[in-house]
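User: I'd like to learn how to read a model like this one, feature by feature. Could you walk me through it?

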Amino acid sequence: MTQATPVKVVTANSLIEGDVVWLAKDGSWTDSLHNANAFTDKTDAQAALEQANLRQNEVVGCYLADMRLGATGLEPAHFREDFRRRGPSNYAHGKQSQG
Amino acid sequence: MYQYDEFDRAFIAERNRQFRAQVDHRIDGSLTEEEFRPLRLMNGLYLQLHAYMLRVAIPYGTLNSAQLRQLAMIATRWDKGYGHFTTRQNIQYNWPRLTDVPDILDALAEVGLHAIQTSGNTIRNVTSDQFAAAAADEIDDPRPYAELIRQWSTDHPEFQFLPRKFKIAITGSPNDRAVTKAHDIGLRMVRHGNDTGFEVIVGGGLGRTPMIGKVIRDFLPVADLLPYLEAIVGTYNLLGRRDNKYKARIKITVHENGLEKVRDLVEAQFHKIAPQFDAAATAQHLAQLKQQFAAPDLPPRDDQRYHDARRIDGVFRAWADTNLHPHRVAGYSIVTISLKPHGGTPGDATDAQMTLIADLADRYAQGEIRVSHEQNLVLPHVALDDLPDLHAALRKAGLATANVGLASDIIACPGMDYCALATARSIPVAQEIAQHVDALKLEHDIGPLKIKISGCINACGHHHVGHIGILGLDRAGVENYQITLGGDGSEDAVIGTRTGPGFAYDQIVPAVERILRAYLDLRRDRSETFLQAYRRLGADPFKAALYHTEQEDAA
């Protein structure tokens, strides 16, 4: 088995809806972690974060989240990011309801 | 009940107009998030894990039926069809869009509600006894005083940027149902001879550094209430620390400076500012407020149907045994509607349930509803003979769970399922404990028990004052749950004691079960409650039960 690579993604909440978004490869905001741009280089990640922070009319609270990039794609390194990806555990609301 | 006057209506309308403009300015880019954040927080709007969250104040936990119907309408129209009642007698909407919030605030204003000062370093919603003006043990209705405090504290120019948030609770009963000793200021109504006044408690609070409040004044005449509160908050505003967020609450101010010094400063300030208050005008205003809160006229009613139903209907009897509280008027009862169905989310009510409860309040309970800090709803004035019909209607809507005050009547904060500050989940732990004790049919045998769960050290779930408290933490990237025992939020308030190492998510329910089984083995008889048994025996036998099995499992 290949080891999952530690990577970083830029994430935030969207300004109007407040829902979780990730920075995609094409520079847009995506609501699917699957489409997020994974940074293996810390300097690249930091630069992307600084750029993202300028987009205040689109998102709130940008930060870098730790992920693991494995055979099945991006997986959160921490359970908090797993909840952000999925939604609450008591109702099928949030991301998990979007199919 | 209090109805907004012209001043209130104009003030709320103006604030809502300002906030609508602030939202517009945020969206068009003329306000940055850094500039907008304190403005939205002043109006109760948070940004949480998955969405915005709007926290609406329910002053002193009192609602009329029209207000509850409007809360239901908001849940339908702008949220996901439910609301979450909190430990501070607020309701939270978990999914509003930023652009809808100004409309929501206008809809709240239509029924005399707002979200002002439900966040930020201000004086928050004044909380009170959910059984006010109905309980048999009450000295006086605390709500006119609470409304007076709401009016004094709302938009108070000196207290918009306190060192930290500031929470006041008030009770009119010697049996404290408002956790007054765990608030920045707790007010307990007391009588000295023919005079009614307040015992003033200061510096209580839970969170990172839990403290039981200390009595700063053992008898405060009613006439001195506002100047004395202003003296306390004013003293804190100057003396409280602003260098460290974790040492900024008044409990730390009192702890670091000593009660004597704080008392001397408060008394000096009180004597300085008291002449600036128009005591006669306040007394007159208070008299008007008391008229608005006048208890409803409850005509004499028979109780034959009630006793017949108890005899023939075991389900009704079980509910009546747990969910009713003695009313001061013969032939009436106070009904607690459990928002804790086994496996449900503590404190959540759907729009349909809220609408039904509003209708039932109109039909059976003088149109009044209360919100308890234990995240249940209350119908304060129900005739005993109406209880069988009320119970039947509640049952159809999944609102007749007979568990108030029992093991499954759990307080739980939203935890990491919603809250951006949380370090672990609370809701699923509460759900699983409730389902487990229900499956084992244990909770009626166990009797009175308060389990309280917080998903982080801020302790919104009041775990320190739970008979069994559970605190969810992040330990090396994994959810871990610490247990405290022997806490008590009543007039005999005590902070619980930590048992030892915490438990993994999948081990916390079995751990709680071991404590419950230890209690059943250790108690003298059924009349000795969990808390009494704990106080008699101390923590050791419970710890032995808790950790002994752990070691065997590990072996």
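User: Let's begin with strand pairing. Which residue stands opposite B:Ile451 in strand 18 of chain B?

Analyst: B:Ile451 stands opposite B:Ile468 there. Before going on, note that this is a predicted model, in which local features need pLDDT of at least 70, side-chain atom pairs count only at pLDDT 80 or more, and totals for chains, interfaces and linings use all residues. Residues are numbered from 1 along each chain as its sequence is written, while chains are lettered from A and ligands numbered from 1 in the order in which they are written.

User: What counts as a strand, and when do two strands pair?

Analyst: Strands (E, at least two residues) and helices (H or I, at least four) are DSSP runs, numbered from the N terminus. Two strands pair if DSSP finds at least two bridges between them. Here strand 17 (residues 451–454) and strand 18 (residues 468–475) of chain B pair in the parallel sense over 4 bridges. On to the next partner: strand 18 and strand 19 (residues 478–485) of chain B are antiparallel, with 8 bridges, and B:Leu473 stands opposite B:Asn480 in strand 19. Strands 18 and 19 of chain B form a hairpin with 2 residues between them, and B:Ala476 in the turn has a positive phi of about 55°.

User: Is B:Gln375 buried or exposed?

Analyst: A residue is buried if 20 or more other C-beta atoms, placed from the backbone, lie within 10 Å of its own, exposed if 12 or fewer, and partly exposed in between. B:Gln375 has 25 C-beta neighbours inside 10 Å, so it counts as buried. B:Gln366 has 19 other C-beta atoms within 10 Å and is therefore partly exposed.

User: How do I read two packed helices?

Analyst: Two packed helices are described by the angle between their axes and the distance between the axes. Axes are lines fitted to C-alpha atoms, for helices over the stretch in contact, and angles run from 0 to 180 degrees between N-to-C directions. The axes of helix 5 (residues 143–153) and helix 9 (residues 279–292) of chain B come within 9 Å and cross at roughly 125°. That makes helix 5 of chain B oblique to helix 9 of chain B (under 35 degrees is roughly parallel, over 145 roughly antiparallel, 65 to 115 roughly perpendicular and the rest oblique).

User: Which residues make that contact?

Analyst: Helix 5 of chain B gives B:Pro144, B:Glu147 and B:Leu148, and helix 9 of chain B gives B:Leu286, B:Leu289 and B:Lys290 (in contact: C-beta atoms, placed from the backbone, within 7 Å).

User: And how many residues touch between the chains?

Analyst: In chain A, 22 residues are in contact with 23 residues of chain B. Strand 4 and helix 2 (79–86) of chain A are the elements that give two or more residues to this side of chain A, and helix 2 gives the most, with 4 residues.

Terms used:
Contact = placed C-beta atoms within 7 Å.
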